[in-house]
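Colleague: I am new to this structure. Could we go through it together?

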Amino acid sequence: MERRSNLKEEKKKDEGGAPEITVVVHIPNEVTPISFTWPKTKKIGEAADEAAAKFGVPTNNTTTFQDETHRILDRNKPLVAEHVKEGSILDLVSNGGGV
Amino acid sequence: MVPIEVTKATIESELAGIQSYCTRHDWNVTWETDVPRLVFTGKHPGDNSPLCIIAKVDEYRAMPPEWTFRRTPESSNIFPLTPQNEGRNTIFLQNPKVICAHFNRLAYKEYSGPHDNWGGPSNWLNLTDGYVRANKIADMFAVIIGHLKMTAGMSQ
């Protein structure tokens with residue numbers, strides 16, 4: 001019984017992918033990126049703030065990521081909901097308003 | 001007045017980052033030292049039409065750049081269509097047609113923009129939380145590209 005339930009969990013992980021993903025984060029103004037490994041369910045905003053801190057740049061509540069399709073991601077959504085996956089290349093950007 | 005040599009040195013210190021960002025996002029950049037301006041050429045991320053984004057950088061960083069859009073570097077100005085932005089704030093004001101962000105000199109009243117509440121363009125690096133923040137050219141360009149992604153195309 002225990003073996004069957006472990007196999008079921010392994011299959012679920014394989015179907016959904018690993019619970020964590022490793023991504024490459026750039027700051028637009030710098031050449032050298034930093035890699036991060038995060039749970040897929042981590043909020044974009046939390047991940048962006050963590051990346052900004054590692055780069056030593058200040059953040060405010062507008063800091064987020066831009067993906068390879070140029071899309072600015074929603075701070076309030078988890079990484080997986082914004083289609084961030086293993087190997088994604090992200091840029092740290094601000095998404096505040098200006099108008 | 002910022003001496004032109006200071007502006008050139010500042011831009012050149014940012015060029016590696018600018019070029020790196022452009023390479024990642026399929027844009028090209030030309031640094032025209034005599035104007036001085038940066039000319040970004042690529043495709044609109046919404047409709048793939050050819051697009052130039054110009055940053056006129058005299059007085060940078062004492063003053064923010066003047067950001068404008070064109071089809072080619074010498075054609076007349078165009079502007080993004082109203083964004084389909086899922087309710088998020090846009091930096092593209094339609095009346096007047098100007099990028100409304102602290103990093104665009106043309107957003108300030110002194111340069112015919114709507115904002116007389118930002119302390120003037122020389123205050124651009126000091127604006128408070130809540131506004132979009134981009135203090136270097138590559139950061140500004142990334143914000144512009146990201147907001148363009150939310151539009152269907154350009155006015156012409």
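This is a predicted model: local features need pLDDT of at least 70, side-chain atom pairs count only at pLDDT 80 or more; totals for chains, interfaces and linings use all residues.

Colleague: How many residues of chain A are in contact with chain B?

Modeller: On the side of chain A there are 28 residues, in contact with 32 residues of chain B. The two chains bury about 2,300 Å² between them, and 52% of that area is on carbon and sulfur atoms.

Colleague: Which residue forms a salt bridge with Arg24(B)?

Modeller: That is Asp91(A), with the closest N and O atoms 2.6 Å apart. The count between chain A and chain B is one salt bridge. Strand β4 (residues 89–94) of chain A supplies four residues, the largest share of the side of chain A that touches chain B.

Colleague: Turning to Glu14(B), where is its place?

Modeller: Glu14(B) lies in helix α1 (residues 4–24) of chain B. Among the residues that Glu14(B) touches are Asn29(A), Tyr60(B) and Lys136(B).

Colleague: And is Glu14(B) buried or exposed?

Modeller: Glu14(B) is buried, yet has no salt bridge. The nearest side chain of opposite charge, Arg61(B), is 4.2 Å away, whereas a salt bridge requires the nitrogen and oxygen to be within 4 Å.

Colleague: On to the cysteines: how many disulfides are there over all chains?

Modeller: The count is zero.

Technical notes. Residues are numbered from 1 along each chain as its sequence is written. Chains are lettered from A and ligands numbered from 1 in the order in which they are written. Side-chain values use heavy atoms; hydrogens and water are left out. A disulfide is a pair of cysteine sulfur atoms within 2.5 Å. Helices (H or I, at least four residues) and strands (E, at least two) are DSSP runs, numbered from the N terminus. Buried means under 20% relative accessible area, exposed over 50%, partly exposed in between (1.4 Å probe, protein chains only). Lys and Arg count as positive and Asp and Glu as negative; His and the chain ends are not counted. Contact means heavy atoms within 4.5 Å. Buried area is the accessible area (1.4 Å probe) that two parts lose on being put together, summed over both. Lists of a residue's contacts leave out its neighbours within four places in sequence.
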